[in-house]
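Keep the structure open while you read.

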Amino acid sequence: MLRLPTLFRLVAFAVLIAFLVQPQWFEPLLRPLVQENAPAIYNQGSLLQLTLLHLRTVAIATAGAIVVALALAILVTRSSGAEFLPLSRSLVNIGQTFPPVAVLALAVPIFGFGEKPTLIALFLYGLLPIFENALTGLTTLPPSIMEAARGTGMTGRQRLMKIELPLAMPVILAGIRLSVVISLATATIGSTVAARTLGEVIIAGLQSNNLAFVVQGGLIVAVLAVLIHDALQAAERSIGSRMGR
Amino acid sequence: MIEIEGITKRYGETTVVRDVSLTIAPRTVTVIVGTSGSGKTTLLRMINRLVEPTSGTIKLDGEDNRSLPDYELRRRIGYAIQGHGLFPHRTVAQNIATVPTLLGWDRARIEVKVTELLTLFQLDPVAFGPRYPHELSGGQQQRVGVARALAAEPKVLLMDEPFGALDPIIRAKAQEDLLAIQKHFETTIVLVTHDMDEAFHLADRIAVMDKGEVVQYATPAEMLVKPATAFVESLIGAGERPFRLLAIETVADAVEPGAAEGEAIGSAATQREALSTLLWSGRKALPVVGPDGAVIGKVSLDGLVQRAAGPT
């Protein structure tokens, strides 16, 4: 039996796919938003292709952020790496406080226009939530379980892989979820430096005073963010419930 | 055999354990008691090197416990703690299989061992093996914790307040089970507790710790008759002494010739239980039956009163 919220999500997903594959079906809905003779459906490229490129940019940047943030969090929670904790905290915090727009402005002269400056901005911006959550997850494990893990004769690496990471996984996933959602929205500004993302649609709409473009670009990003957010949350819950949380 | 020789543990200026020497005989239950902060848990944890001593040595069967890497040592020593410490993301069967898996046993052997242990602890292997720890009651979790500690057939089992989180009825049952399992596997058990009833019930020998030192290491009977210090005496509880003395020995040791009226008591019951029955039923003597159910004599109120008397 499907619950109502699940049904909503399935419908939203179906509508999104339909819109990306056959945008002209939705033309009558968007028509009232534009002036006479202006196109109501984005006509300077395929919406489907832009969406896939948008997702790819977010996926690459997030994957990089996960690897670096998780590695840092693991390093500073080992007794040998504890002294690096303040340093990595500040580094990751700088990444978050620097506005992505500023990162783009600084990165373009070095890497040129295109996808690279956007990837760098998203990567830096995505580090903090993953790092902080991984840190919380790895430092708040129940002492009795850690004691038992040592007592059964697990080596440091075995404790990390078999006990600490699996137990911290729901909290780590929550950090990844935050990071992904922020990146999905932030990626749109990459189109100001010619990265191919859904920002193109929004920027085109702003430039030609076409509200329909702005709305469709914004809505696709919003629906993607909501669906991915919910999917990751469901994954967290299913892992968490097995452990009786 | 565990030989603890001149063990001291200091954290900075504070000495937690001071020059402790104990020899623990194989296949016995040794209980370490003391108030909180007496160093009893630290002493226990130095046996499997969860804590490294500042000075002194600990030998297991004549071998220094620092002669192999700490994780290999711990795989050979069972360890059960208060609140069980089960891994919440692993099933009961996987939890019990922890140490055998680390030791690289093959799957069939692990499965046989898990089934054997679950059965021994009165948990149906089919029903409980695939469950997660949070689906079990406190008493069941505790039994799985002990089963996990015993899975690799260690000669030594260390227990840190293993029954502390259990209610009195389940705790009594867990203690009986532990004694039965100790006889079954002939494990050397070192158990830490602050519960004197538990200590007197389980121990072959009791070590009393106070401010980091062992103030007395003796059998329960010796300790009752000759407490070494005022601290030991207060720990035993002056009002409890005669009853603890009776609780150590069985009715079989107090049987007198003759007959008595009324319901009989088994010879394996403790003398304290016999006294309790006598007082409650208002009789002067009880018939005693042996393990086969035949009457072997009587146990009398006067006899028990004499036995409960301390040295004068």
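Which strands of chain B does helix 1 of chain B lie across? Helix 1 (residues 40-47) lies across strand 1 (2-11), strand 2 and strand 4 of chain B. The helix runs at about 120° to strand 1 of chain B.

## Ground rules

This is a predicted model, in which local features need pLDDT of at least 70 and side-chain atom pairs count only at pLDDT 80 or more, while totals for chains, interfaces and linings use all residues. Residues are numbered from 1 along each chain as its sequence is written, and chains are lettered from A and ligands numbered from 1 in the order in which they are written.

Helices (H or I, at least four residues) and strands (E, at least two) are DSSP runs, numbered from the N terminus. Axes are lines fitted to C-alpha atoms, for helices over the stretch in contact, and angles run from 0 to 180 degrees between N-to-C directions.

## Chain B overall

Chain B holds 14 helices and 13 strands. Its C-alpha trace spans about 60 × 50 × 30 Å along the principal axes. A compact globule of 312 residues would have a radius of gyration near 20 Å, and the 22 Å of chain B agrees with that. The radius is taken over C-alpha atoms, and the globule rule is 2.2 Å times the number of residues to the power 0.38.

Buried residues make up 40% of the 312 residues in chain B. A residue is buried if 20 or more other C-beta atoms lie within 10 Å of its own, exposed if 12 or fewer, and partly exposed in between, with C-beta atoms placed from the backbone. Of the contacts in chain B with a separation of 6 or more, 63% join residues 24 or more positions apart. Two residues are in contact if their C-beta atoms, placed from the backbone, lie within 7 Å.

Strands pair if DSSP finds at least two bridges between them. In chain B, 4 strands form an open sheet in the order 2-1-4-5, with antiparallel pairing. Strand 2 (14-24) and strand 5 (63-64) of chain B stand at the edges with a single partner strand each, so one side of each has no neighbour in the sheet. Strand 4 (residues 55-60) of chain B pairs with strand 5 of chain B over 2 bridges, in the antiparallel sense. There, B:Leu60 has B:Glu63 of strand 5 as its bridge partner.

Strand 2 of chain B also contains B:Asp19. The phi of B:Asp19 is near 45°, a positive value in a residue other than glycine. B:Asp19 counts as partly exposed because it has 14 C-beta neighbours inside 10 Å.

Another open sheet of chain B has 3 strands in the order 11-12-13, with mixed pairing. Strand 11 (265-266) and strand 13 (295-300) of chain B are at the edges, each with a single partner strand, so each has one side without a neighbour in the sheet. Strand 12 (residues 285-289) and strand 13 of chain B run antiparallel, joined by 5 bridges. B:Pro287 stands opposite B:Lys298 of strand 13.

Helix 13 (residues 271-281) of chain B lies across strands 11, 12 and 13 of chain B, at about 135° to strand 12. Helix 14 (residues 301-308) of chain B lies across strand 12 and strand 13 of chain B, at about 65° to strand 13.

Helix 14 of chain B also packs with helix 12 (residues 241-248) of chain B, at an angle of about 110° and with axes 9 Å apart. The two helices are therefore roughly perpendicular (65 to 115 degrees; under 35 is roughly parallel, over 145 roughly antiparallel, the rest oblique). Helix 12 brings B:Pro242, B:Leu245 and B:Leu246 to the contact, and helix 14 brings B:Leu304, B:Arg307 and B:Ala308.

## A hairpin and a loop

Strand 9 (residues 205-210) and strand 10 (residues 213-218) of chain B run antiparallel, joined by 5 bridges. B:Met209 stands opposite B:Val214 of strand 10. This hairpin has 2 residues between the strands, and B:Lys211 takes a positive phi near 50°.

B:Glu161 sits in the loop between strand 7 (156-160) and helix 8 (168-185) of chain B. Its phi is near 45°, positive in a residue other than glycine. B:Glu161 counts as partly exposed because it has 19 C-beta neighbours inside 10 Å.

## Where the chains meet

The contact takes 16 residues from chain A and 18 residues from chain B. Helix 7 of chain A gives the most to the chain A side, with 6 residues.
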